[in-house]
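We'll walk through it step by step, starting with a sheet and moving on to the links between side chains.

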Amino acid sequence: MLSFCRAASLDDLWRGEIKSIRLRGREVLLANLEGDIMAFENRCGHKGLPLDHGDLAGCIVTCPAHGWQYDLSTGQGINPERARLKRFAVQVVANEILVGFDGEEADAAC
Ligand code: FES
């Protein structure tokens, strides 16, 4: 069962913006894709570096370290295709962005 944590206000994540936040011991990457809010683990599949300082063009983020690319509408790797970001559930309630966790993470404090 999913357990949600408040991550940010919608006012703090503009369209076309990405940012990171630490929730339940994980670095979470938030993205506002033309009003669709997405959340992923902020960890590139290449060397595990964060993606929040990467370049976002449309829904494609490019890792600032070595250029791996991901489609943030799904988390699927673009280059290389075998990469994939761990995706978290998102709810937007009363202008607040909530990120859902399951398993052992659901029991940790936000
Ligand atoms: S750590 Fe992201 S491309 Fe190398």
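This is a predicted model: local features need pLDDT of at least 70, side-chain atom pairs count only at pLDDT 80 or more; totals for chains, interfaces and linings use all residues.

**A walk through the fold**

Let's begin with a sheet: 4 strands line up in the order β5-β6-β7-β8, forming an open sheet with antiparallel pairing. At its edges sit β5 (55-57) and β8 (77-79), and each of these pairs on one side only.

Strand β7 (residues 69-71) runs antiparallel to β8, and 2 bridges join them. Which residue of β8 is the bridge partner of glutamine 69? Find asparagine 79 and you have it.

Next, let's turn to the cysteines. How many disulfides are there? The count comes to 1. This disulfide joins cysteine 5 to cysteine 110, with the two sulfurs 2.0 Å apart. That passes the test for a disulfide, because the cut-off is sulfur atoms within 2.5 Å. Cysteine 5 belongs to strand β1 (residues 3-9), while cysteine 110 is in the segment after β10 (96-101), so the link ties together parts that are 105 residues apart in sequence. The bond has a handedness too: its S-S torsion is about -90°, so this disulfide is left-handed.

Is cysteine 5 buried or exposed? Its relative accessible area is 0%, so it counts as buried, since anything under 20% goes in that group.

On to the charged side chains. A search through the whole structure turns up 5 salt bridges. One of them is between arginine 6 and glutamate 96, whose side chains meet at 2.3 Å, N to O. Arginine 6 lies in strand β1 and glutamate 96 in strand β10, so this pair ties together parts that are 90 residues apart in sequence. As for how open they are, arginine 6 is partly exposed at 47%, and glutamate 96 is partly exposed at 23%.

Another salt bridge brings together the side chains of arginine 22 and glutamate 27, at 2.9 Å from N to O. Here the two partners fall into separate groups. Arginine 22 has a relative accessible area of 51%, so it is exposed, as that word applies to values over 50%. Glutamate 27, at 30%, counts as partly exposed.

Finally, find arginine 26. Its salt bridge partner is glutamate 41, and the closest N and O atoms of the two are 2.5 Å apart. Arginine 26 is in strand β3 (residues 26-33) and glutamate 41 in strand β4 (residues 36-41), so the pair ties together parts that are 15 residues apart in sequence. Arginine 26 itself is partly exposed, with 22% relative accessibility.

Technical notes. Residues are numbered from 1 along each chain as its sequence is written. Side-chain values use heavy atoms; hydrogens and water are left out. Buried means under 20% relative accessible area, exposed over 50%, partly exposed in between (1.4 Å probe, protein chains only). Two strands pair if DSSP finds at least two bridges between them. A salt bridge is a side-chain nitrogen of Lys or Arg within 4 Å of a carboxyl oxygen of Asp or Glu.
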